[in-house]
Amino acid sequence: HPDTITSMKNLAVCIEAQGHYSMAEPMFRQVLDLRQRVLGLEHPDTITSINNLAICIEQQGHFSTAEPMYRQVLEQRQRVL
């Protein structure tokens, strides 16, 4: 259910805010996977999930991994929103 996915995202955000990025990242990945399956690839919440994962990855210093994700988010938002 979408509300369950949102609750999982909220927990990941809380964990991330405490600086536990490596613990939050798998949760953000799971949220993204679930939103892609439940809501579809171009749903605004799915796009936001890509952005949230990119932020978490960037905060761990993996800039070259986060950058293409940010580019994907921008392209999708320009096309969909």
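**View 1. The whole structure holds zero disulfides.** A disulfide here is a pair of cysteine sulfur atoms within 2.5 Å. This is a predicted model, in which local features need pLDDT of at least 70 and side-chain atom pairs count only at pLDDT 80 or more, while totals for chains, interfaces and linings use all residues. Residues are numbered from 1 along each chain as its sequence is written, and side-chain values use heavy atoms, leaving out hydrogens and water.

View 2. Cys56 is buried, at 0% relative accessible area, whereas Cys14 is partly exposed, at 41%. Buried means under 20% relative accessible area, exposed over 50%, and partly exposed in between, using a 1.4 Å probe and protein chains only.

**View 3. Helix α4 runs through residues 63-80.** Helices are DSSP runs of H or I with at least four residues, numbered from the N terminus. From first C-alpha to last, the 18 residues of α4 reach 25 Å, close to the expected 26 Å; that expected span is 1.5 Å times one less than the number of residues.

View 4. Ala66, Met69, Val73 and Gln76 are buried. Seen down the axis of α4, its buried residues fall within an arc of 90 degrees, so they line one face; the arc is taken from the directions from the helix axis to the C-beta atoms. Turned away from this buried side are the exposed residues Phe63, Ser64, Arg71 and Gln78.

Note on methods: Helix = DSSP H or I, 4+ residues; strand = E, 2+ residues; numbered from the N terminus.
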